[in-house]
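Keep it open beside you and let's look at how its inside is put together.

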Amino acid sequence: MSDLHIYVCPNCNGRLEFDSEKQKLKCPFCESLYSVEEMSEAVDSKPDYEIVNEHYSDEDLEGVKVYTCDNCGGVIMAEETTAATTCPYCGNHVVLKGNIANDFKPSRVIPFKLDKKAAKKAFEEHLKGKKLLPKTFRSDATIDEIKGVYVPFWLFDGSGRAALRFKAEKHRFWSDERFEYEETETYYVYREGDLEFNEVPVDGSLNLDDALTQSIEPFDTAEAVDFHSGYLSGYLANKYDLDADKAVEIANRRILNSTSAAVFSTIVGYDHIVPYDGKMNVTNGKQEYVMFPVWILSVKYKGDIYTFAMNGQTGKFVGNLPADNSAAALHFLSAFMISTIILLALSYLFIMVL
């Protein structure tokens, strides 16, 4: 038997889902509400799901586990990194607790604060004002799926130290009746300093684009709570497949980039600045494994898939849209013609003045 549980309403035996508005587990049938903590004992009394891997070959099961649904008997196939999913036959929400145990159990989780309706609305707002968006995108595009996913994240503390040298220049220009002059003064600037960083996030899922998850930051970890699998009910969830040793390399690059930018921002009053020498390093502190809420939206349009993401806590929405090439060319041509007309008009006025 696998350690995979469902959350059942004690009142009507309905399957509970975590309600982002009420911040409690809610029964969709009798609308009863339960705190995540009070459902712990009820969940432990329910039957587990049975692994049925013996019916499949090793080739079929590469990276996959197979379960039977306790509700309808259907077969659930889930990747080894899946922590929560739904039965494809009856829609039953299940939490694969065995996949979030021991090293794969997060210490904290930020519960969803925004629901699927908010994600759809954010997508509609994202389309507004996009002049180069193909006219048929809204009508022809099909929303494949909107998934509420608890994404695994690593949080790292660290300090960045920089000792950098720069070549800086000041330029001065003037002229008289005969000549134009230019004077360049060269300075050598040295800066060093330390910066502390707390809870630098790194997406722990290899299936998600880091650029996408970084774009919906920040997450407010002050609202994180101690992890309980009840928060996953009604959502999808993945355990990490990027381990801490690899994730810390990404965190360190972010720390170094931020440290370099902070040092560079202290150099003011020059016209041109070029770094030419120096050293930087990172001293790592504690690390933590957590889960953050993300709405992921896939849209199919003319054979291509466009992926959008929304921070399930703050509502920040990002994603690339297709562009109408003919509209883009027309937009460029219109802008070019307007600029040309303005330049011609200015040239005519200048000639008239002379």
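A salt bridge here is a side-chain nitrogen of Lys or Arg within 4 Å of a carboxyl oxygen of Asp or Glu, and buried means under 20% relative accessible area with a 1.4 Å probe, counting protein chains only. This is a predicted model, in which local features need pLDDT of at least 70 and side-chain atom pairs pLDDT 80 or more, while totals for chains, interfaces and linings use all residues. Residues are numbered from 1 along each chain as its sequence is written, and side-chain values use heavy atoms, leaving out hydrogens and water.

Now find Asp157, in strand β10 (residues 142–175); strands are DSSP runs of E, at least two residues, and helices runs of H or I, at least four, numbered from the N terminus. Asp157 is buried but has no salt bridge: Lys286, the nearest side chain of opposite charge, sits 4.3 Å away. What does the side chain of Asp157 reach at 2.7 Å? The backbone nitrogen of Glu199.

Strand β10 also holds Trp154, whose partner Tyr289 lies in strand β14, so this pair ties together parts 135 residues apart in sequence. Rings pair if their centres lie within 6.5 Å, using the six-membered ring for Trp; planes under 30 degrees apart are stacked, over 60 edge-to-face, and the rest tilted. The centres of Trp154 and Tyr289 are 5.2 Å apart with planes at 35°, so the pair is tilted. Tyr289 pairs with Tyr240 too, at 4.8 Å and 85°, so that one is edge-to-face. Tyr240 and Tyr289 are both buried.

Methods:
Buried means under 20% relative accessible area, exposed over 50%, partly exposed in between (1.4 Å probe, protein chains only). Lys and Arg count as positive and Asp and Glu as negative; His and the chain ends are not counted. A polar contact is a pair of N or O atoms within 3.5 Å; within protein, one must be able to donate a hydrogen and the other to accept it, and residues adjacent in sequence count only if both atoms are side-chain atoms.
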